[in-house]
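Student: I'd like to learn how to read a few features of a protein model. Could you walk me through them?

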Amino acid sequence: TLTATGEPVLGTPSLVQRAAATVRARFAAAAREALPAQSAAMLPALVLGDTAGVPDATAQQFKTAGLTHLTAVSGANVTIICGTVLFAARLIGPRVAVAVAAVTLAGFVVVVQPSASVLRAALMGAIALLGILTARRRQAIPALAAAVLVLMIAAPQLAVDVGFALSVAATAGLVLIAPGWSRRLVARGWPKPLADAVCVAVAAQLVTAPLIAGLSGTVSVVAVAANLAAAPVIAPITVLGTAAAVLSTCWVGGAQLLIRFTGPELWWLLRVAQWAAAAPGATVPVPAGAAGVLLVGVAGALGVWLWRSRWRRTGQAAAAVCAV
């Protein structure tokens with residue numbers, strides 16, 4: 001037992017943290033000047049994970065639609081940003097490009113603040129960049145395992161962090177499940193981009209739904225469709241928004257110009273969340289705690305088994321009847 005006595009003493013933020021806070025504040029101010037109120041509140045949340053200005057009603061819509069993960073900076077943001085930097089810097093050689101991407105990654109983590117999902121994604125990104133630099137094969141599961149082990153040693157409290165558990169589970173699902181499903185759909189004639197998008201959305205929902213059910217006592221039945229509809233606009237919002245956040249520190253006019261280009265994408269994302277949340281039966285109540293985890297986990301496994309078995313059509317018909 002630890003007992004604290006006396007008045008608390010507040011420390012002074014470091015120069016780096018003060019600079020990061022300035023970036024967040026100026027970016028939010030530029031968004032308010034360039035976009036309608038609702039879009040201006042969502043842009044910092046999507047780019048920097050700053051949800052302070054998001055109205056409660058909008059946050060609830062995103063939660064019901066299964067889109068809350070978009071406002072928690074994680075692997076998708078890191079992948080898009082590092083990939084963009086590497087692509088833009090490919091003419092200067094791989095070593096310099098990796099160095100630029102590493103500096104960008106470090107700066108991004110400082111600005112968005114190191115939450116559990118950010119730490120996991122950043123460490124995996126650093127391992128992947130090291131793999132590029134050493135010309136070794138990049139394998140996601142060893143990178144994920146290494147990231148988890150290092151973070152467990154450095155910050156043991158993450159072992160009981162819900163955000164960290166969801167982040168790791170979703171990443172493992174996308175690596176282990178989605179590629180195989182996508183190959184099967186492509187073999188059946190699906191366009192590869194569509195197959196990848198569908199399998200990523202379904203795999204992420206499949207592995208995270210039991211944890212979410214155990215925590216909240218609900219399961220979103222519109223999450224897959226909502227994520228598919230929102231997927232095309234996430235990369236433009238992330239790239240343009242991150243560039244605008246950097247520009248906002250030295251050229252507000254240029255930052256506002258880039259922010260305006262995110263307006264249509266933000267409008268679409270907000271409408272998707274609104275439509276999905278308003279759908280009848282958008283969420284289904286389930287028992288909270290271990291019972292909910294077990295129930296949803298078994299239902300997901302049963303659904304996968306039915307899909308892959310000779311009883312697939314019977315299972316599809318039963319699912320359609322239940323949905324109606």
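Tutor: Start with exposure: buried means under 20% relative accessible area, exposed over 50%, and partly exposed in between (1.4 Å probe, protein chains only). This is a predicted model, where local features need pLDDT of at least 70, side-chain atom pairs count only at pLDDT 80 or more, and totals for chains, interfaces and linings use all residues. Residues are numbered from 1 along each chain as its sequence is written, and side-chain values use heavy atoms, with hydrogens and water left out.

Student: Is Trp-268 buried, exposed or partly exposed?

Tutor: Trp-268 is partly exposed, at 31% relative accessible area. Trp-275 is partly exposed too, at 48%.

Student: How many aromatic pairs does a search of the whole structure find?

Tutor: Rings of Phe, Tyr and Trp (its six-membered ring) pair if their centres lie within 6.5 Å; planes under 30 degrees apart count as stacked, over 60 as edge-to-face and the rest as tilted. The search finds one pair. The ring centres of Trp-268 and Trp-275 are 5.8 Å apart with planes at 80°, so this pair is edge-to-face.

Student: And where is Ser-248?

Tutor: Helices here are DSSP runs (H or I, at least four residues), numbered from the N terminus. Ser-248 sits in the loop between α11 (223–247) and α12 (252–260), and with 2% relative accessibility it counts as buried.

Student: What does Ser-248 touch?

Tutor: Contact means heavy atoms within 4.5 Å. Leaving out residues up to four places away in sequence, Ser-248 touches Val-23, Arg-26, Phe-27 and Ala-255.

Technical notes:
Helix = DSSP H or I, 4+ residues; strand = E, 2+ residues; numbered from the N terminus.
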